[in-house]
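Dear colleague,

I am handing over the structure below, and after it you will find an account of what turned up when I went through it. Please keep the structure open beside this message while you read.

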Amino acid sequence: MYILIIILIFSFWYVKGAKHYPRNIDLQAKEDFWGVTFSPKFAEELGLDWQENYLAILDDLEVKNIRIPIYWDQIEKIEGEFDFSTYDYILDEGAKRNVKFIVNVGWRLPRWPECHHPEWVNGTDLDTIKAKSLLMVKRVIERYKDREGIIYWQVENEPLLDWFGECPQGDLDFLTKETAFVRDLDNRPIIISASGELSDWKKEANLADIFGTTMYRVVWNKHFGYIRYPYPTWYYKLKARIAGLDKEKTIVSELQ
């Protein structure tokens, strides 16, 4: 009985109290190694002027690698009527500064609620929404595929993660179809991402040219509050080996 209590106390401390800092911290990296995700939608939700915010990222931080999620509910507020002005501006200003872009397309993209569909799809059956989303993806890629600054397309974001977001169940068949659809439209490499902690990476890696993992060390749970993932570095290396990943074709797409 005492042993069980000790184990429970230790387990609780391990995920709630222990810091799990790496023993050997070396932040040396090649020039322009790091990048950011920029979301004009989220900037506005924070009460910021998104253009001012974006130009500060370009000119003050001098970021040269940026991931841009192109939100469906921003570009097609009325069915069949597209407005790309926000993303034209983002890509134009980036091009002036030799920025390299990952353009994230699809229905499920970064930031809550994860699935960013326009209001006009509400009440529509799921198969129809998926078909409409492919038409949207086609318009995005056809508009921007001549942009040299775009080096990768990312198809969806953590598309098979069912633990987070207001989204339908992950659909591997649809993701496979969507990935092939994007490949037919343009020959740039495709990124597929998955949770670093809540996925085994195999399905996403099999579809991707470049696999992207997310890494969140501290997360919030409605039952336990904030907890710290206790996984050591070898845990991620082991997952990569089991999934058959080539480290030269693997990136961290989101780092907390």
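In which sense do β1 and strand β2 pair, and over how many bridges? Please bear in mind, before the answer, that this is a predicted model. β1 and strand β2, which covers residues 65–69, pair in the parallel sense, and two bridges connect them. One place to look for this pairing is Thr37, whose bridge partner in β2 is Arg67.

The sheet

These two strands belong to an open sheet of seven strands, in which the order is β1-β2-β3-β4-β5-β6-β9 and the pairing is parallel. The edges are taken by β1 (36–37) and β9 (250–255), and since each of them has a single partner strand, one side of each is left without a neighbour in the sheet.

Further along that order, strand β5 (residues 190–195) pairs with β6 in the parallel sense, over five bridges. If you look for Ser195, you will find that its bridge partner in β6 is Thr214.

Strand β6 itself, residues 210–215, deserves a careful look, because six of its six residues are buried, so that the strand is largely enclosed by the rest of the structure. Ile210, Gly212 and Thr214 point one way from β6, while Phe211, Thr213 and Met215 point the other way, and all of them are buried.

The hairpin

Strand β7 (residues 218–221) and strand β8 (residues 225–228) run antiparallel and are joined by four bridges. Together β7 and β8 form a hairpin, with three residues between them.

The crossing of α3 and α5 is right-handed. On the side of α3 the contact is made by Trp50, Gln51, Tyr54, Leu55 and Leu58, and on the side of α5 by Thr86, Tyr89, Ile90, Glu93 and Gly94. When the residues of this contact between α3 and α5 are sorted by type, six are nonpolar, three are polar and one is charged.

The second pair consists of helix α6 (residues 126–144) and helix α7 (residues 172–185), whose axes come within 10 Å and cross at roughly 25 degrees. α6 and α7 are therefore roughly parallel to each other, and α6 passes α7 in a right-handed crossing. Here Lys130, Ser133, Leu134, Val137, Lys138 and Ile141 in α6 meet Phe174, Lys177, Glu178, Phe181, Val182 and Leu185 in α7. The residues of the contact of α6 with α7 divide into seven nonpolar, one polar and four charged.

Backbone details in the loops

Most residues other than glycine have a negative phi, and most peptide bonds are trans.

Where does a cis peptide bond occur? A cis peptide bond joins Trp112 and Pro113, with omega at about 10 degrees, and Pro113 lies in the loop between β3 (100–105) and α6.

Asn98, in the loop between α5 and β3, has a phi near 60 degrees, which is a positive value in a residue other than glycine. Glu156, in the loop between β4 (150–155) and α7, likewise has a positive phi, near 60 degrees, and is a residue other than glycine. Is each of these residues buried or exposed? At 62% relative accessibility, Asn98 counts as exposed, whereas Glu156, at 6% relative accessibility, counts as buried.

Finally, Ala29 sits in the loop between α1 (2–16) and β1, and with 39% relative accessibility Ala29 counts as partly exposed. The C-alpha atoms of Ala29 and Asn206 are separated by 28 Å, and these two residues are 177 residues apart along the chain.

With best wishes

Key. Residues numbered from 1 in each chain as written. Predicted model: local features only at pLDDT ≥ 70, side-chain atom pairs only at ≥ 80, totals over all residues. Heavy atoms only, no water. Left-handed = near helix turned anticlockwise from the far one by under 90°. Contact = heavy atoms within 4.5 Å. Nonpolar A, V, L, I, M, F, W, Y, C, P; charged D, E, K, R; others polar. Buried < 20%, exposed > 50% of the residue type's maximum accessible area, 1.4 Å probe, protein only. Pairing = 2+ DSSP bridges. Axes fitted to C-alpha atoms, helices over the stretch in contact; angles between N-to-C directions. Parallel < 35°, antiparallel > 145°, perpendicular 65-115°, else oblique.
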